[in-house]
Amino acid sequence: MSEPRDVQSEQNETVDPQTDAQTVDAEQVEVVEGETPEEALAGEVVDETAEKIASLEKALAAAEAKVAEQQDSVLRARAEADNARRRADGEVEKARKFALERFAGELLPVIDNLERGLQMADTENEAIKPMVEGVEMTLKSFVSTIEKFGMAPIDPQGEAFNPELHQAMSMQESADHEPNTVMAVMQKGYELNGRLLRPAMVMVSRAPSSGVDTQA
């Protein structure tokens, strides 16, 4: 009779593992009044997940800010490089256009002398006519050559006086010309690729007996 009682006692002492685990979980979770241990455990899991999500969102925001900062730095560096390249291209172009400025200025007296020689030559004299024709051809070829390099003459005969391109050597009353009109060109001016190389020396008209007209 003693043996059956021992078996029954052992069965009563055996603990269900699932029941034991639930008991432990329930003990580890702080149970709020009115909620079950399962609900309390679920709430704790939700809180941990929310904290992880917030942490990840913060890290993502920091990474996006860093990427934006790097992109801005790249854009600034690219803009600075483009500006430097444009400045360099401009300097090269300017140097190309005006590299011959000093040399061209030294050629102007040669052109002036050829033109003066033709003006002084007696074209009716058959003896020097071939020489005059040769000087004319030389001058024409010379001017054509310098024009290929961007040089252009300034010959404002009959034009309105322009102080940026003309240098008034004298003024003369004239009823046949509008005031401040170039009556005569004493020496042609020249420009190189749009830059003034030498102003034209001119005589300017003024109204008769009315003094100098200052309305340019």
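A pocket, as the word is used here, is an open set of grid points with protein on both sides within 12 Å along at least five of seven lines, and its lining residues have an atom within 4 Å of a point. The close-ups below come from a predicted model.

**View 1. The lining of the largest pocket.** Welcome to the largest pocket, which has a volume of about 200 Å³. Its lining is made of Asp112, Glu115, Arg116, Gln119, Asp155, Val185, Met186, Gln187 and Lys188.

**View 2. The elements that supply the lining.** Two or more residues of the pocket lining come from each of α4 (101-120) and β3. Helix α4 gives the most, with four residues.

**View 3. A sheet of three strands.** Here we turn to β3 and its partners. The sheet is open, and its three strands follow the order β2-β6-β3 with mixed pairing. At the edges lie β2 (166-173) and β3 (182-187), each of which pairs on one side only. On average, neighbouring strands of this sheet are turned by 25° against each other, direction ignored.

**View 4. The pairing of β3 with β6.** For β3 and β6 (residues 200-206) the sense is antiparallel, and the pairing runs over four bridges. Look for Gln187, which stands opposite Met201 in β6. You have met Gln187 already: this residue is also one of those lining the largest pocket.

Technical notes:
Residues are numbered from 1 along each chain as its sequence is written. This is a predicted model: local features need pLDDT of at least 70, side-chain atom pairs count only at pLDDT 80 or more; totals for chains, interfaces and linings use all residues. Side-chain values use heavy atoms; hydrogens and water are left out. Two strands pair if DSSP finds at least two bridges between them. Axes are lines fitted to C-alpha atoms, for helices over the stretch in contact, and angles run from 0 to 180 degrees between N-to-C directions. On a 1 Å grid over the protein atoms alone, a cavity is a set of points where a 1.4 Å probe fits but cannot get out, and a pocket is an open set with protein on both sides within 12 Å along at least five of seven lines; lining residues have an atom within 4 Å of a point. Grid points are joined across faces, edges and corners, and a volume is the space filled by probe spheres set on the points.
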